Amino acid sequence: MTGRVEGMPSGLGTGIGPMPGADPAEAVRMVSGETDFAFLPELPARGVGADSVGRTGAVLIDMPFEVVHDVYRMTSRSGSVMRRARDFLARDLDAVEAHWDAAGLIGTGRLLKVQLCGPFTYGARVELRNGHKVVRDKGARRDVVASMADGLADHVREVERRLGAQVIVQLDEPDVERVLDGSVTPLTRLDPIPPVPAPLIAQRLEEMAAVIGRPMILHGGDRPHSELCSMLDSYAVTVDFSHPLPDSEKDQLGVYLDQGGIMLVGVVPPARPLVAPRAEEIAQRMAVLIDEIGLPRTVLRDNVIVTPHTGLAEASPEWAAAALRIASRTSELMAQDPDAL
């Protein structure tokens, strides 16, 4: 990481992507009403094709897929699952367009984040026609990266054309650690999938960023992989603060922030706790953490975006709205006067 991601906002609150329920219009109203950094909601409760992997397959170019034995698998031609996934994504974008049109937001350049499964998690969860995982095959990995980059670029252009939005792209890579350490489950125990080195993963992700040409976010699980993130100049990263950080990770985050990196910090629980957290308390805890790291509190304004710990698909609609509201209010407090916290 050599500096701030060009075009990436900060001092705002947003969500990771997944939302509860199956009604895209309701999810869009919730997101638009509670955040200034809106995102295209994902509604995995709708089932096959609406989850992160199916949604991603919907934008790939010339890489059709189907579900075989409850697993996504590449096929020679499009089937009902791919059509279903594309229909879900189209409905979601239609819902955003209808809401923004009614609210007078089209053409205003409002921020909108779109989220898709990254190529390495996709490769760890999707099978080739022979039953092996995509990530096992070097050529297939390259093909997925190229197809995803071109498909995402087309998707972003369509979103911008219809909404006049400023689009940010988030790649979800919860399985990147398993890809890095070679622990992706193989077809058979006698044919383990070798690890993919961090420099190669970083190279492929940067190739995607160059094709897409928009600010990028890497959502890589609970903690960012320090070696991988140090090689990514085009990505902000997510960090889950649901558990206390050990000193070693505080040091790594300090280096990352000091070099201009942007963090999406997960500080709001995804399910309603017995006592709902107050934005003021969360902002103060973040200020204490930055003090411990030894950086100026201005990084809370200039280098931090606030989110729930994870997606909100399992939350009640009431708590999902409250969690986004708390994230937005927390970021507002940190951006207004971080030294006063």
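Q: What counts as a cavity, and what as a pocket, in this predicted model?
A: On a 1 Å grid over the protein atoms alone, a 1.4 Å probe fits at the points of a cavity but cannot get out. Lining residues have an atom within 4 Å of a point. An open set with protein on both sides within 12 Å along at least five of seven lines is a pocket.

Q: What is the volume of the largest cavity?
A: The model is predicted, with local features needing pLDDT of at least 70 and side-chain atom pairs pLDDT 80 or more, while totals for chains, interfaces and linings use all residues. Residues are numbered from 1 along each chain as its sequence is written, and side-chain values use heavy atoms, without hydrogens and water. Grid points are joined across faces, edges and corners, and a volume is the space filled by probe spheres set on the points. For the largest cavity, the volume is about 50 Å³.

Q: Which elements give two or more residues to the lining of the largest cavity?
A: The lining includes H225, L228, V237 and T238. Helices (H or I, at least four residues) and strands (E, at least two) are DSSP runs, numbered from the N terminus. The elements asked for are helix 8 (226-230) and strand 7 (235-240).

Q: Which residues that line the largest pocket are the closest to its centre?
A: The largest pocket has a volume of about 520 Å³. Its lining numbers 27 residues. The closest to the centre are P18, S52, P174, H219 and G311.
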